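Thank you all for making time this morning.

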Amino acid sequence: MTTQTWATKPHYDILDGLRGIAAIMVLCYHICEAIAFAPINTTIAEQGLYHGFMSVDFFFILSGFVMGYAYDERLQDGSMSLGSFIKRRLIRLHPMVVIGVVIGLICFCIQGCQMWDGTQALTSDIMICVMLALFCLPTPTSMDVRGNAEAFPINGPHWSLFLEYIGSLCYGLFLCRVSTKILKIWVGISALLLLAFALWMEENYISYGWSSEPINMLGGVIRISFGYPMGLLLARLFKKKSPSSIQGPQVFWSCAIALLVIFLVPGLGDFSCYYQVFCLIILFPIIIWSGARGVVQGNSKKYITFLGRLSYPLYAVHYPLIYLYIYWIKQVDPQGALFYGGATVVILANLLLGTLCLICYDEPIRKWLSNKLG
């Protein structure tokens with residue numbers, strides 16, 4: 001593709017906005033998860049946004065769609081090298097990885113560098129965790145400075161960014177050249193693996209990947225092995241069919257409400273795993289396909305686009321403040337309005353922090369790096 005052709009390629013604003021909605025849902029899900037540390041109203045933690053963790057799988061599928069749409073032709077015809085592609089992904093992802101680690105370390109120090117059981121973390125282990133995290137590499141379980149086997153104890157959700165890097169590398173190396181027929185077979189097999197893994201786990205969850213423990217890591221690999229190729233397959237089928245566009249913001253709001261309903265569905269016991277896999281295989285692709293058809297203009301486009309811009313910075317930096325909220329709950333044992341007021345403050349503070357990171361750090365740094373590195 002020529003530079004002129006690439007410049008005229010349409011942008012999927014609604015998909016960007018849906019990524020922002022999913023990022024906010026992750027934030028709210030983690031708040032509900034944090035409430036589980038309190039002795040009051042744990043029902044909210046158990047049922048509030050019960051399936052919010054599936055936002056990560058939505059991110060994976062959406063990333064595969066965007067990668068296929070943006071880079072397939074250029075990687076296939078050789079107009080973009082693997083090195084250039086990897087450089088672009090590093091510029092897009094890594095600045096927020098670094099600032100997320102810095103914020104995570106600051107919050108950990110505010111906690112007194114303590115594990116959850118109250119013991120002091122070793123300085124050497126903290127240094128190793130930070131160095132590995134700066135390169136978006138998981139920490140061995142033996143060096144976990146929080147004591148709950150997190151792969152990224154300085155900033156827990158970065159495990160999904162590690163898998164995002166793996167997905168991007170696999171895409172640049174070979175997935176971009178795999179035929180659509182082979183891709184369909186891949187997606188089918190990985191969907192079966194996803195269901196088998198969910199059935200295998202006693203909790204009937206597919207919410208794995210966040211820990212350095214081998215079985216947990218395996219779950220994360222299975223999730224990305226399905227999500228990225230599914231998104232890539234959707235991009236190819238969408239481009240081939242070229243469905244007509246739908247004008248107006250109603251497409252965005254319909255898709256956003258559908259996502260919210262999916263995440264709000266309470267626990268279904270032994271049927272949860274079937275519901276989760278059904279969402280990943282059927283519902284998420286339908287939402288992404290529908291969102292790709294929508295076109296917005298005017299003020300609606302401005303707000304939806306901002307949600308998309310905010311999504312990654314918010315996701316990358318929100319969890320350190322969740323750590324502090326959990327630490328505060330365990331230390332103070334707040335009650336009533338103070339308890340829920342603290343949760344509200346954390347949500348608002350994270351939205352502000354994400355916005356500041358976006359405007360003052362992420363976009364300027366990426367622009368500077370793009371100009372310097374070409």
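If we set aside the neighbours within four places in sequence, Ser-160 is in contact with Val-56, Phe-60 and Tyr-315. Please keep in mind throughout that this is a predicted model. Ser-160 belongs to helix α7, which covers residues 158–173, and its side chain is joined to that of Tyr-315 by a polar contact of 2.5 Å. Is Ser-160 buried or exposed? With a relative accessible area of 4%, Ser-160 is buried, because the cut-off for that word is under 20%.

Staying with helix α7, we come to Leu-173, which has a relative accessible area of 45% and is therefore described as partly exposed. Leu-173 also takes part in a nonpolar surface patch of about 320 Å², which it makes together with Leu-82, Leu-169 and Phe-174.

Let me turn to the charged side chains, where the structure holds 9 salt bridges. One of these joins Asp-16 and Arg-19, at 3.0 Å from N to O, and because these residues are 3 apart in helix α2 (residues 13–35), about one helical turn separates them. Both Asp-16 and Arg-19 are buried.

A salt bridge is also formed by Arg-89 with Glu-164, and here the closest N and O atoms are 3.4 Å apart. This pair links distant parts of the chain, since Arg-89 sits in helix α5 (residues 82–110) and Glu-164 in helix α7, 75 residues apart. Arg-89 and Glu-164 are, again, both buried.

Then there is the salt bridge between the side chains of Glu-363 and Arg-309, at 2.8 Å from N to O. It too links distant parts of the chain, with Glu-363 in helix α14 (residues 336–373) and Arg-309 in helix α12 (residues 298–317), 54 residues apart. Glu-363 is partly exposed, with a relative accessible area of 25%, and Arg-309 is partly exposed as well, at 33%.

Finally, the cysteines: how many disulfides does a search of the whole structure find? The search finds 0. Cys-129 is in no disulfide, and the nearest cysteine sulfur, which belongs to Cys-113, is 11 Å away. Cys-129 counts as buried, at 1% relative accessibility. Cys-273 is likewise in no disulfide, with the nearest cysteine sulfur, that of Cys-279, 12 Å away, and at 0% relative accessibility Cys-273 counts as buried.

Methods
Residues are numbered from 1 along each chain as its sequence is written. This is a predicted model: local features need pLDDT of at least 70, side-chain atom pairs count only at pLDDT 80 or more; totals for chains, interfaces and linings use all residues. Side-chain values use heavy atoms; hydrogens and water are left out. Helices (H or I, at least four residues) and strands (E, at least two) are DSSP runs, numbered from the N terminus. Buried means under 20% relative accessible area, exposed over 50%, partly exposed in between (1.4 Å probe, protein chains only). A polar contact is a pair of N or O atoms within 3.5 Å; within protein, one must be able to donate a hydrogen and the other to accept it, and residues adjacent in sequence count only if both atoms are side-chain atoms. Contact means heavy atoms within 4.5 Å. Patches are made of residues with over 30% relative accessible area and no salt bridge: like charges are joined within 9 Å, nonpolar side chains (Val, Leu, Ile, Met, Phe, Trp, Tyr) within 5 Å. Accessible areas come from the Shrake-Rupley method with a 1.4 Å probe; for residues, only the protein chains shown count as cover. A salt bridge is a side-chain nitrogen of Lys or Arg within 4 Å of a carboxyl oxygen of Asp or Glu. A disulfide is a pair of cysteine sulfur atoms within 2.5 Å.
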